[in-house]
Each structure stands twice: as C-alpha cells, then as structure tokens.
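Please open the structure in your viewer and keep the selection tool at hand. The stops below can be taken in order.

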Amino acid sequence: MSFAKSVWKILVAIKDGLVLLFLLLFFAGLYTVLTLRPAPGMVREGALYLPLEGRVVEEASEVSPTQLLSGQTPEPEYVARDVSRAIAAAADDKRIKAVVLDLEAFGGGSAVHLSQIGAAMDKVRAAKKPVLVRALIYTDDAMQLAAHSSEAWVDPMGGVAISGPGGTMLFYKGLIDKLKANVHIFKVGTYKSAVEPYMLSQMSPEAREAMQAVYGTLWQNWQDEVKKARPKADLTLATTDPAKWVRDNGNDAAQAALKSGLVDKIGDRVAFGKRVAEIAGADEETGLGGFKATELPVYLADKPAPKQGKAVAVVTVAGEIVDGDAGPGTAGGDRIADLVDGVAQSDDYAGLVLRVDSPGGSVMASERIRAAVERVKAKGLPVAVSMGSLAASGGYWVSTPAQRIFAEPSTITGSIGVFAVLPTFEQTLPQYGVTTDSIRTTPLSGQPDLLGGLSPQVEALLQGQVEQTYGRFLGLVAKARGKSAADIDKIAQGRIWDGGTARQLGLVDQFGGLEDAVAWVAKQAKADTFHAEYIEDEPSPFAQLLRQMETGEAPEARAHDLAGALAAQQQGLMARMQADVMRLMEGGGIRAYCLECAGDAQAAVDVQARQSDLGLFALLARIRA
C-alpha cells in the first residue's frame, strides 16, 4: 500500500510539474506577443542596428521544443534575404542615419550569402550613408562583411585572422581495421569522395584534385571581393605569413590589422558606441550601445516586401533533402513537393523559382520534388532555379527540370555521382565471444545482415542499384542540358564544381542571384510588374513562440582572443566525426550526397531521432542523391 502511495505521489508531482511548465510557456508567449512582437511604426530615427549573434542562413531552421526544454539554446539564425533587404531599404530611408553591424558573436555564413549582404551595404554607402562594423576578431566571414563598411572597428584586444577555405579531413580506415569491421562500399563516380574516409587513410589524388580546384576558386573569389570593396587593404602578409605580420607590429594584432588597411579604427565597445551616437544620436536608455537605433525584426515589420504586380512563386530547398515533412531548415521532400504542387494548382502565379541551397540527400525525396516541379512546367508556367551556396548531388537532381539555372561564382554544384556504404561486424564479434548462425529460405533472408555479413546476392543487388541510380541521374541531367549521357558522364563522376566552371561546362546557364531568376521568370510570363512571393509553411503558434523566446537571448560566450577564435573555427571537426559515424551506422542505403562540399558545419547533421531500419527493401528505398 505504501508503495502504491509513493508511486501516486510521484505521478501527481510529474503532473503538477508539467502543468506549471506549460503555464510558464503560455505566459511567456503572451508576454512576447504583447510586448516584444515587432510592429510597424516603431522605427526610430537613428541607426539600423544589426547585432548578428549567430549564423546567416538561407532558411531558418525549426526550433525543437525539446531543445529549449532541455536547456539546449539553439544558435540564432538570420535569413540572408531578410538581412540584405533591410540594409538595402535603409539606403533610401530618411529615418536611418547609419547602418551598424556588431559582429562580436557572429557565427558566419556562406560566401554567397555574405556577398549578397555586402552588395546591400554598398548600396547604403552609395547613398552617402555610413556603414559601421565592429568585432573582437575578424575571421574570414566577418572580414568579408567588414570590407564593405565605411568604418571597420576592431577591439584593442582583437585582430584579424584569415584562414581561407580548407582544413583537416578525418579518415577511419585504420580504426575500422583495428575493429576488424567490414565496410562494404558501392559507388559510381571517380570523384565521389564521400566514402573515402571509410576506405582510405588519406585523400585520393582525384579527390584532392577536385577539392583543390574548387577551394582555390572560392579563395580567389573571396580575395577579389575584399580587394574590390577595400582597395587600399593589404592582404599579403595576413594571408601568407600571419606570424611575421603580427610580430612586425609588436605582436599587436589590432595594430597589424589597422596598418594593413583591413580595419579603420581601434576601439572597444564603448568607444564604438560613442562614434555611432555622433551620427545617429545618443540614447543611453535603449541598451543598444548608447545610440538611437532600430533592430532588424522591427525594421522588417515596418518595411514589408513589395506586393505589386504578378506574383512569382519562390519555393526554397534548403539543407539536407530527407524523406517526409521535415523542415524548414531541412528539405523534407513531401513538404516541399506539396508546396510546389500548390503553385501548380493555383492560377495566382506567373511562374516558379526553385531556390536551392542543399548538398543533397534522399533520392526518393529529391525525385518527389523534381516531379512536382515538372508538374508546374506541364501547366505551362516558366521555371527557373536559383542556386545559393550549394546545389550539389540531390540539390542538382531537383534542379534538372528548370528552363534556366542561375548560380553565383562561389556556388558549389555538380557532385553527380552515387554511393552506398554499409558496415558489417562478422569478424568483430567473435573477438568478444559472440558468434552467429542463420537459417535462410531465400538468398535475401535476413539481409542485409550487419552481424553475420552480406551475401554475394545482396552485394550484387546494391551495386546494381547504385549503377541504376547513377544512370538515371545522368539521364535527367542530359535531357535537361541538351546533351548526351556520355557527355554528362565526363563532367559527372561525383566531381564538385564552382559556379564559374559549372557555367563553362553547361551545368549552369548564367550568373545571377535570386532576384535575377525572379525577373527572368516574370519576363517569360510577360509580366511587366511583378514581385517574389515566398511559398512557405505557416509556422504553428507554438513554433512561433519558441522562436520568439529564443530570439534575443545571448548565445554562449564565444572566444574573446585570437587563439580562441582560431580554435573555435575547428569546433566543427568533432561534430563532423559524430556525423560521419552516424552516417555510417544509420543504415541509410545508396546516396549521392555531397559530403565533401557541405563543410563541417553543414555536415554536422542532427544525430538525434535517427532510426536504423535495416530491412533490405527499406534500405534500397532510401537511395540518396
């Protein structure tokens, strides 16, 4: 009886705790909606203040309730088009005296997105308005933005640390051999290097050739942009002999940056705030650095996107392409196909622009998106693809129906190749006294057997599926680009390309951003006036509440010195290792995912909620591109 009473008390306590938790969430949401929700008419005369305390992304990811309830505060995300639109609007807004970017806690972004924001900053400067930027440490991404400023400030304890693209890759062949595990690899594509960490101890010559070519182009594009925006800046020592560069300035990294023209002023946060106050007006009560200012959410609410003329639908494919309804921030194939089908079923749109910023993923999901885009074309609507920072593998698969493909010079695309990797442990388990035996009624009974090994029939079946998928991929690309499959095969083979080379090879039609793609579709539809209309799922009230609760919270402290900033750039390595292990173990079937071009941050997939369905035909159904 006493035991039953104890259990009852525990259950009542859990119930009371949950009630209290949801009451707190309710009142926090009510407070947010009533007091913090941005509203038009709240813009103050002064500065447009953008403290970017997280990453700039193509599409903000969904905030998981479990993240917040478990105390895992997600890093804030800023949609690139929102940031650039706000900055560009400030150029002609008489209320805005200056644009101010605080990059102390900046999480970075892709070169394509940062170039887009930089162009908006140039527009403000062309309107004779100052653009001021401050940071403790300027790494590559922050420096790309700062180059477009009229005044770049660095903290006296800070400096500039430019590392360029590239870094360490992890290889697990030695560990796999020590464990006596068997990693079965099936692939088509000489340059499809995503499987190399499991089969080699270092990069193959082919992988090194491809990655050096793309990284070399990205690095040159970065330098060209910084030099064009800041022609008096000297990047030579900072990028060739940084130790000598700093040593020649008394080991004062801030002075080195100032003398090289990479920054314009040295000063702490207080000095920077006083400088902005001279331009925008002082206001000690705002808590925004002591100057009059309006922040991004309020300014966007006051400056809604134009709605004149015919609507051109824009559907975003951002993040890994997965089966189901996942997203935003992850490209759930069913979710995006439904959005595209909504365009096909409506008479309200002049055409469709598919905005792709993805390293690929599930072939099934990619095919569902592609088929939905084909249905838009079948209705007679013009279709264009606008490639962001990444449109590779499955990201290129979904792009094949487009009548016109736009990309940026620093876009990474291609990676037309497929692979499968599947570990088995038939030699590992006996070391620990575990053996296996089996009864089979057909060659496929119990397959794939991760504990007892793969049968020859399964290996042949998987390799055949890989080859069939690659052949279909080649056929889609060949039809879309007006070439033969043999011609496409020569530039496919899993190799990644920068946007410029892809244009020369015919994988891309022309350089241009999203606005260019929208304008092209409107022209094809003979729409004299037009606007982009983003077709998105309306977030649930609860999701909106979670995002509002997360917005504005200070992220975890970042490194406050040069050594810490450099170390922080490598934090993604551990996430990459975790992602590599999960990708190997998840039973994820055949893929054409562009792991090598996704980068550490994007390759660090969410390892939670992964399910390992090891049925053979479930495995084959989860082919990836």
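This is a predicted model: local features need pLDDT of at least 70, side-chain atom pairs count only at pLDDT 80 or more; totals for chains, interfaces and linings use all residues.

Residues are numbered from 1 along each chain as its sequence is written, and side-chain values use heavy atoms, with hydrogens and water left out.

Select the six strands of the open sheet, whose order is 8-6-5-4-1-9 with parallel pairing. Strands (E, at least two residues) and helices (H or I, at least four) are DSSP runs numbered from the N terminus; two strands pair if DSSP finds at least two bridges between them. Strand 8 (265-266) and strand 9 (293-295) are at the edges, each with a single partner strand, so one side of each has no neighbour in the sheet. Next select strand 1 (residues 46-51), which is joined to strand 9 by three bridges. Tyr49 stands opposite Glu295 in strand 9.

**Across the sheet.** Select helix 12 (residues 269-280), which lies across strand 1, strand 4, strand 5 and strand 6 (151-160). Helix 4 lies across strand 4 (96-102) and strand 5 (131-138).

**One residue.** Which strand holds Thr316? Thr316 is in strand 10 (residues 310-318). Thr316 counts as buried at 6% relative accessibility (buried means under 20% relative accessible area, with a 1.4 Å probe and protein chains only). Leaving aside neighbours within four places in sequence, Thr316 is in contact (heavy atoms within 4.5 Å) with Glu58, Glu59, Arg81, Ile336 and Arg355.

Notes. Buried means under 20% relative accessible area, exposed over 50%, partly exposed in between (1.4 Å probe, protein chains only). Axes are lines fitted to C-alpha atoms, for helices over the stretch in contact, and angles run from 0 to 180 degrees between N-to-C directions.
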